Amino acid sequence: MQHRISLRFEGSAVRRAGLGRHLRHCITAALDAEGVTVPCEINVLLTDDAAIRAINRRTRGVDRPTDVLSFPMFEFTPGAFPADVSADIDPETGLLPLGDMVLSLERAAAQAREYGHSLRREAGYLTIHSVLHLLGYDHLDEGPMKRQMRAREEAILAGLALPR
């Protein structure tokens, strides 16, 4: 299936060799694992802590940097991608616009060092995490929704040979 995954690098987020291809692969794997059966469009901004902090402040009223922000276009039920989304397909592109994500590569690099794994693994995890948000998953509490989301993240990461 041919998804449109637009990556944009901004601020001090330097283009890292192979990272764009890797993130596209992670997005596609997450969509496949979640049973997405239509071509989708996702916009990804890779940036630094200062820029994501400004976006976080503007959109959520939280004045601090974060690792990833997700802006879904629809409210899906986690783990139950709808069988018919034809009404939501953009007639000009033929794609389902799932939404946008913003990832701080600066924060991802710091977390990779903190957790003792590679930037590739951390950026992949954050990307999969964000795709799951675009598909309706959430983790506002420590209850079953968070456990469901974590289980899906781990399964997708294992399929990509990116386990903890």
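Residues are numbered from 1 along each chain as its sequence is written, and side-chain values use heavy atoms, with hydrogens and water left out. As the model is predicted, local features need pLDDT of at least 70 and side-chain atom pairs count only at pLDDT 80 or more, while totals for chains, interfaces and linings use all residues.

Helices (H or I, at least four residues) and strands (E, at least two) are DSSP runs, numbered from the N terminus. Seven of the eight residues of strand 2 are buried, so the strand is largely enclosed by the rest of the structure; buried means under 20% relative accessible area, exposed over 50%, and partly exposed in between (1.4 Å probe, protein chains only). Strand 2 runs parallel to strand 1 (residues 4-9), joined by six bridges, with S6 opposite N43. It also pairs in the parallel sense with strand 4 (residues 96-104), over eight bridges, and here I42 faces G99. Two strands pair if DSSP finds at least two bridges between them.

I42 turns up again in the largest nonpolar core, which has 42 residues; I42 and L98 have the most contacts inside it. Such a core is a set of buried Ala, Val, Leu, Ile, Met, Phe, Trp, Tyr and Cys residues joined through side-chain atoms within 4.5 Å. Helix 4 supplies the largest share of this core, eight residues. Beyond its neighbours within four places in sequence, L98 is in contact (heavy atoms within 4.5 Å) with residues including L31, I42, F71 and L134. Another core, of five residues, lies apart, and L45, I52, I55 and V102 are among them.

Then there is the largest pocket, with about 810 Å³ of space. On a 1 Å grid over the protein atoms alone, a pocket is an open set of points where a 1.4 Å probe fits, with protein on both sides within 12 Å along at least five of seven lines; lining residues have an atom within 4 Å of a point. Grid points are joined across faces, edges and corners, and the volume is the space filled by probe spheres set on them. Of the 29 lining residues, D67, V68, H129, H133 and H139 lie nearest the centre. Helix 4 gives the most to this lining, with six residues.

Finally, A161 sits in the segment after helix 5. A161 has a positive phi of about 60° without being a glycine, and is exposed, with a relative accessible area of 62%. Most residues other than glycine have a negative phi.
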